[in-house]
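Grab a pencil and let's work through a few exercises together.

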Amino acid sequence: MSANNFKLTLDTLAPVGSVSPSSLTATNKSLPITINKGDATYMQVWYDTAPNTAAAPAGTPWIAAASSHTIGFSTDGTYYAHVILMDDVRNQSKVYTSGQIIFDTILPTIDASKTYAEDLDSKSHIYTNAAEFNFVVTASDADSGLQKVVLSGDFVGSPQTVNAASFTANTWSGQLTFNTSATHGSQTIHVVAYDNAGNTATHDVSIIYDPDPAQGSFALKATASATDNLQQYIKASNNSFVAVLTATAGTSTDIAY
């Protein structure tokens, strides 16, 4: 009579794993999370607003364990992804939780009234008579936070990136210099603000670049509307005259004084 022999392996160890992102992440679309599933065969995956939770919500299905899973959000807010792993003999892991995930579809804000180009001397926001000028940007983002602002235009070093760390109280101020080839006249600086979720907002700032001196002519005439200038010499008895200053047509329409 022969004996029946078989080998039985006792497995009481739950799968060990993790879920990423492990640190703060911002997104404006569906987010693929990375799962270290260990020896798990099945997993439960869900997300909510709780950084700590002991169990999956009722009805959360068990699905085949995988190294990634995509989470789709429906409402802006702060969330956490959770995973429970299970092996073939139904040993279940603890709840593994990701880092904070900010779902943000709202555009950053550029304050148009506080974003401008400025002449260094006169402080005018309309004209600058020098290639170098001051530029001020005020921008913010209430949800995922401002990441950077990119400035572009006909200036040296364009495009220029200003990281959020350079802002103080939502405002950055610096000096830009028009290229030597920049056209005299209206110049536009294009401003793009980025938040940490990938949303962007844009704003254009214009200033008139006028480095040319005013041009015109000066003459003495019998009346302001007279066509001819007075003669080089006039009689003392005929001493009524006016001084006429005429701007050169098309070149000095911005004369202020």
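The side chain of glutamine 44 reaches the backbone oxygen of threonine 60 at 2.9 Å. Before we go on, a word on the model: it is predicted, so local features need pLDDT of at least 70 and side-chain atom pairs count only at pLDDT 80 or more, while totals for chains, interfaces and linings use all residues. Residues are numbered from 1 along each chain as its sequence is written, and side-chain values use heavy atoms, with hydrogens and water left out.

**Exercise 1**

Work out where glutamine 44 lies and whether it is buried or exposed.

Step 1. Find the element: glutamine 44 is part of strand β4, residues 42-48. (Strands are DSSP runs of E, at least two residues, numbered from the N terminus.)

Step 2. Check the relative accessible area, which is 9%, so glutamine 44 is buried. (Buried means under 20% relative accessible area, exposed over 50%, and partly exposed in between, with a 1.4 Å probe and protein chains only.)

Step 3. Look at what glutamine 44 touches: leaving out residues up to four places away in sequence, the list is Ala56, Thr60, Pro61, Trp62, His82, Val83 and Ile84. (Contact means heavy atoms within 4.5 Å.)

**Exercise 2**

Find the strands that are joined to β3 by bridges.

Step 1. Start with strand β1 (residues 18-20): three bridges join it to β3, and the two run antiparallel. (Two strands pair if DSSP finds at least two bridges between them.) Serine 18 has asparagine 36 in β3 as its bridge partner.

Step 2. Now take strand β6 (residues 68-71), which is joined to β3 by four bridges, again antiparallel. Here proline 32 is partnered with threonine 70 in β6.

Step 3. Compare the faces of β3 (residues 31-36): Leu31, Ile33 and Ile35 make up the covered face, while Pro32, Thr34 and Asn36 are on the uncovered one.

**Exercise 3**

Describe the aromatic pairs that tyrosine 47 forms with phenylalanine 73 and tyrosine 79.

Step 1. Tyrosine 47 and phenylalanine 73 are edge-to-face, at 4.8 Å centre to centre with 65° between the planes. Tyrosine 47 is in strand β4 and phenylalanine 73 in the loop between β6 and β7 (77-86), so this pair ties together parts that are 26 residues apart in sequence.

Step 2. Tyrosine 47 and tyrosine 79 are edge-to-face too, at 5.4 Å centre to centre and 90° between the planes. Since tyrosine 79 sits in strand β7 and tyrosine 47 in strand β4, the pair ties together parts 32 residues apart in sequence.

Definitions and conventions: Polar contact = N/O pair within 3.5 Å; in protein donor to acceptor, adjacent residues only side chain to side chain. Phe/Tyr/Trp six-rings, centres within 6.5 Å; stacked < 30°, edge-to-face > 60°.
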